[in-house]
Amino acid sequence: MARPTKFAHIVYRTRRFDEMVAWYEDVFEAKVRYRNPVLAFLTYDEEHHRFAFLNLAALDPDGSDAPSGGTGVDHVAYTYAYLGDLMHTYA
C-alpha cells in the first residue's frame with residue numbers, strides 16, 4: 001500500500017463560520033485566500049488552501065438537512081506522489 005506524500009486539505013461544515021475562520025487564522029497563522037458569506041479557503045503555505053469552511057448558517061439556516069444540523073467534517077484530501085500509487089490503494 002502506498003502512503004500519501006502529504007496532507008492536502010480538510011473541509012468543515014460549520015454554523016460557527018466566523019469563529020472557526022478566526023481560530024484557524026490565529027492558531028495556524030493561516031491566511032484567507034478566498035472568502036464570501038458561504039465559503040472560505042485558508043492556507044498557511046504555498047498551497048491554495050489547506051482548510052475550507054462551508055457556512056451552514058447561510059446554506060441551511062434552519063438546520064433541517066441533518067439531525068446534527070449538518071456540521072462536521074465534509075472531507076479530507078491527501079496528495080500522492082504518483083497517480084499509480086493512488087490507483088494501487090484504490091484497487
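**Before selecting**

The model is predicted, so local features need pLDDT of at least 70 and side-chain atom pairs count only at pLDDT 80 or more, while totals for chains, interfaces and linings use all residues. Residues are numbered from 1 along each chain as its sequence is written, and side-chain values use heavy atoms, with hydrogens and water left out.

**The whole chain**

Display the protein as a cartoon. Three helices and five strands are present; helices (H or I, at least four residues) and strands (E, at least two) are DSSP runs numbered from the N terminus. Read from the N terminus, the order of elements is β-α-β-β-β-α-β-α. The radius of gyration is 15 Å, well over the 12 Å that the globule rule gives for 91 residues, so the protein is more spread out than a compact globule. That radius is taken over C-alpha atoms, and the rule is 2.2 Å times the number of residues to the power 0.38. Along the principal axes, the C-alpha atoms fill a box of roughly 45 × 30 × 20 Å.

Next, show the surface. Of the 91 residues, 30% count as buried, that is, under 20% relative accessible area, with exposed meaning over 50% and partly exposed in between (1.4 Å probe, protein chains only). Among contacts (heavy atoms within 4.5 Å) with a separation of 6 or more, 54% join residues 24 or more positions apart.

**Select Thr14**

Thr14 belongs to strand S1 (residues 6-14) and is buried, at 4% relative accessible area. Leaving out residues up to four places away in sequence, Thr14 touches Met20, Leu54, Asn55, Leu56, Ala57 and Thr71.

**Select Glu29**

Move to the loop between helix H1 (17-28) and strand S2 (31-35), where Glu29 is found. Glu29 is exposed, with 62% relative accessibility. Inspect the backbone here: Glu29 has a positive phi of about 55° although it is not a glycine. Most residues other than glycine have a negative phi.

**Select Arg50**

Arg50 sits in the loop between strand S3 (39-43) and strand S4 (51-55). Is this arginine buried or exposed? At 3% relative accessibility, Arg50 counts as buried. Its side chain makes a polar contact with the side chain of Asp45 at 2.8 Å; such a contact is a pair of N or O atoms within 3.5 Å, where within protein one must be able to donate a hydrogen and the other to accept it, and residues adjacent in sequence count only if both atoms are side-chain atoms. Beyond its neighbours within four places in sequence, Arg50 is in contact with Lys6, Phe7, Ala8, His9, Ile10, Leu42, Thr43, Tyr44 and Asp45.

**Select Gly84**

End in helix H3 (residues 83-90), which contains Gly84. Gly84 is partly exposed, with a relative accessible area of 47%. Select Ala2 as well: the C-alpha atoms of Gly84 and Ala2 are separated by 9.2 Å, and the two are 82 residues apart along the chain.
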